[in-house]
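Please go through the points below with the model open.

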Amino acid sequence: MQDAVEARGLSAGEQSKVVERGLEEIALLLGFSDKGRFKAQAYERGAEVVGALSFELGAVIERGRLTDIEGIGASLSKQILELWSTGSSALLEKLRAENPPGAAELVRIPGVTPKRVHALHAGLGIASVADLRAACEAGRVRGLSGFGAKTEAKLLAAIDAVTQAERGEPRMTLGDALSLCARWQSELLTLPGVEAVELAGPARRGEETLDELALVVVHAGAQLVHAVEERADVVHAELAGDVLRAARIDGIPMRLYLTDSANAGTTLLRATGPEAHLRELEARAPLSARASEQDVYVELGLPLVPPELRDAPIDATQTYDDLITAADIRGFVHCHTTHSDGKHSIEEMARAAKERGMDYITITDHSPSAYYARGVTLDRLQAQWDEMREAEQRVGIRILRGTESDILADGALDYPDEILAQLDVVIASIHSRFKLGKAEMTERLVRAMKLPVFKIWGHALGRLLLSRAPIECDVEAVLDALASSRGAIEINGDPHRLDLPPQWIRPARERGIPFVLSVDAHSTKGLDVLPFAAQMGRRGGLRKSEVLNTLDADAFVQRVRPSP
């Protein structure tokens with residue numbers, strides 16, 4: 001089945017989105033009839049589950065575990081499998097044939113009910129949002145029975161609002177951007193005359209998603225324009241002064257800032273930005289040509305501001321020696337194994353952690369409610385713990401006993417207290433019911449954060465970059481609850497998450513809440529995302545003393561042990 005997916009050229013995340021949208025369309029089309037509304041709710045639930053699974057959906061399907069997930073029965077499982085393997089399903093095609101063309105697209109517009117879809121199609125042949133816009137602009141909708149000029153105007157405004165929300169410039173995750181820039185750097189360095197290629201722009205500052213990429217190229221006479229134009233991913237390249245702008249086929253441009261070694265530092269500073277930071281610097285004195293950024297800041301009488309903090313106002317009295325780095329971390333936190341949805345065994349993960357110089361690793365497989373991830377049930381816990389002990393002896397690295405416990409709908413954690421008390425570390429995360437209202441979600445999280453057990457708030461806002469929006473909650477209220485209780489917050493280094501978002505790190509620090517830098521690793525390769533977590537922490541001004549897994553194993557356990 002995975003071969004069929006790969007044959008269509010889709011990544012696991014892209015294919016999961018195809019399934020999610022297919023289930024949403026089925027739900028919308030079922031909702032066109034009264035008798036289908038109950039079934040529609042089941043498909044809405046299925047779309048929500050698939051959205052939560054995202055990149056893990058393929059693994060669940062391959063293991064044949066779909067029907068283990070609460071709310072997914074045989075019928076829904078069949079639709080998911082069809083959508084995964086073909087991009088459509090017999091039921092979806094049947095519903096499309098039974099309803100007006102474009103019905104599922106049209107009903108997404110506020111004010112367009114199923115009844116109105118039928119009327120618009122029958123009266124004006126409208127089969128898409130574009131058709132509806134054209135008809136409204138031409139004043140033809142107001143002539144239909146049950147409509148009018150006021151309704152027509154409201155529909156046009158609703159279309160504009162939805163279109164504006166959905167329209168956005170192409171963006172790329174930081175992880176994908178860094179991988180792409182690394183390839184360009186490697187290939188540019190092979191060109192004659194290129195001396196160095198440095199990362200710049202928003203990627204160097206650590207922005208989670210980007211709409212442009214930037215590199216500084218130190219060169220002497222290299223024929224860059226022709227070489228860049230010949231790249232398979234470039235549609236056009238144009239040199240304007242010392243900046244070579246390459247338009248790429250995915251819509252995300254690459255800017256190459258060309259310089260010589262004597263001006264490399266100043267060019268890198270300007271290419272990194274942002275503009276507000278450069279204006280602050282230039283208000284002190286014009287920026288002169290310097291070989292290194294350090295030289296520029298020294299000339300201005302300032303400490304070298306790390307790229308991740310250049311979005312903030314300059315503080316000339318600030319020092320940055322104790323800003324967190326990946327090298328400060330002594331233990332990997334938030335690791336999954338084959339006991340739930342990980343790809344490697346406890347021993348394999350432990351060996352990989354030791355090879356990377358760590359003193360300890362926390363094994364935090366999913367709890368029972370995470371059916372889709374083969375959460376560890378009570379009857380399987382002892383076997384997992386035995387395996388940890390044996391692997392620890394064989395590998396020679398401390399293996400800490402933990403869980404990623406679901407935060408249930410009522411704010412409770414997904415193991416009995418007597419089990420939680422036997423663990424070294426508890427990560428508390430939301431994996432379901434992401435679409436609760438703001439008040440209900442806030443109440444859920446506040447209850448969880450106030451629990452007397454020490455818990456680490458995992459991937460706090462549940463976002464998947466460019467895929468799933470953050471949950472709606474009063475973050476300030478949740479932080480207050482955690483600050484008054486026992487707990488910490490993880491900064492999740494998974495490039496698709498990078499959660500807690502940097503803008504909330506400072507408010508958490510002001511409340512005295514400690515942090516961990518986590519990897520949320522589902523494989524040995526997943527351990528390598530730690531630098532992403534460190535970069536997010538640096539953007540929030542996080543210091544080494546505020547990060548718990550900079551401690552040795554004994555001190556870390558003492559700080560995070562669930563029971564006092």
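1. Strands β4 (residues 213-219) and β7 (residues 254-259) pair in the parallel sense over 6 bridges; pairing requires that DSSP finds at least two bridges between two strands. Ala214 has Arg255 in β7 as its bridge partner. Helices (H or I, at least four residues) and strands (E, at least two) are DSSP runs, numbered from the N terminus.

2. The model is predicted: local features need pLDDT of at least 70 and side-chain atom pairs count only at pLDDT 80 or more, while totals for chains, interfaces and linings use all residues. Residues are numbered from 1 along each chain as its sequence is written, and side-chain values use heavy atoms, with hydrogens and water left out.

3. Both strands belong to an open sheet of 5 strands with mixed pairing, in the order β2-β4-β7-β6-β5. β2 (194-200) and β5 (234-240) are at the edges with a single partner strand each, so one side of each has no neighbour in the sheet.

4. Helix α11 (residues 174-188) packs on the sheet and touches β2, β4, β5, β6 (243-248) and β7; contact means heavy atoms within 4.5 Å. The direction of α11 makes about 20° with that of β4 (axes are lines fitted to C-alpha atoms, for helices over the stretch in contact; angles run from 0 to 180 degrees between N-to-C directions).

5. His339 lies in the loop between β8 (331-335) and α17 (346-355). His339 has a relative accessible area of 13% and is therefore buried (under 20%; exposed is over 50%, partly exposed in between; 1.4 Å probe, protein chains only). Beyond four places in sequence, the contacts of His339 include Asp365, Arg374, Arg380 and Glu387.

6. Leu92, in helix α6 (residues 90-98), is buried at 2%.
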